[in-house]
Amino acid sequence: YNLPRVYHGLVKKDVLDKIYNKIGAYFGGLSPDIYSTVALSSLVKNHIVIKDACSIAGACPMSTSSKGRLNSDDGEFERTPHLLNNENYQWDLLIPKYYCGEIIWAETAISATKDFGLNKVLEKFNRNLFNYASLSYNRHITDIVMKAYFENINKKNNIINRGAYLEIGRASCR
């Protein structure tokens, strides 16, 4: 997507400062590249995409991208490297809680859409399609994916039954 981004892009510091002023950090969520792209998309008025730019992508063997490409992520959330310094992170209820790239990226994008008031974008999130796609991409950890999916449904239903829908109503029903 041709979105403004910090990774493989250039961003004015005053725009980054707007993110900092809003959330108290330059990057939020569990995936800094995803979070900053969503945040920048809500703040940047104009940006340029250069098709012939030179940018070198890099990923260590422990990164979410590398593990996903090799199907070596094991789904065990307790061993998620993204949480090493984020023990108090508040996981969004729209996303089942297990470890793989799609899950970390989606949860981070939803976090940023909420932080930056992108409610119309969030309303378009198709939770069922996302869960189906995530399951098909992660067949090597089907048991973990299904367990997390059903735990997520139970949590959401408990919240609905208590009458505290936490802003997920319209988005999760699509």
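Biologist: Over the ring of which residue does the charged end of K22 sit?
Modeller: The model is predicted, so local features need pLDDT of at least 70 and side-chain atom pairs count only at pLDDT 80 or more, whereas totals for chains, interfaces and linings use all residues. Residues are numbered from 1 along each chain as its sequence is written, and side-chain values use heavy atoms, with hydrogens and water left out. With a charge counted as over a ring if NZ of Lys or CZ of Arg is within 6 Å of the ring centre and within 35 degrees of the ring normal, the charged end of K22, at 5.9 Å from the ring centre, sits over F116.

Biologist: How are the rings of Y35 and F116 paired, and at what angle are their planes?
Modeller: The whole structure has three aromatic pairs (Phe, Tyr or six-membered Trp rings with centres within 6.5 Å; planes under 30 degrees apart are stacked, over 60 edge-to-face, the rest tilted). In one of them, the ring centres of Y35 and F116 lie 6.2 Å apart, and the pair is edge-to-face because the planes stand at 65°.

Biologist: Is S31 buried or exposed?
Modeller: S31 is found in the loop between α1 (13-23) and α2 (32-43). Beyond four places in sequence, S31 touches I104, W105 and T108 (heavy atoms within 4.5 Å). Because the relative accessibility of S31 is 3%, this residue counts as buried.

Biologist: What arc around the axis do the buried residues of α6 cover?
Modeller: In helix α6 (residues 127-137), the buried residues are R127, F130, N131 and S134. They lie on the same side of α6, while L129 and Y132 are exposed on the other side. The side is shared because the arc, taken from the directions between the helix axis and the C-beta atoms, is only 95°.

Biologist: Is the pair of F125 and F130 stacked or tilted?
Modeller: Both F125 and F130 are buried. Their ring centres are 5.6 Å apart, and with 45° between the planes this aromatic pair is tilted.

Note on methods: Helix = DSSP H or I, 4+ residues; strand = E, 2+ residues; numbered from the N terminus. Buried < 20%, exposed > 50% of the residue type's maximum accessible area, 1.4 Å probe, protein only.
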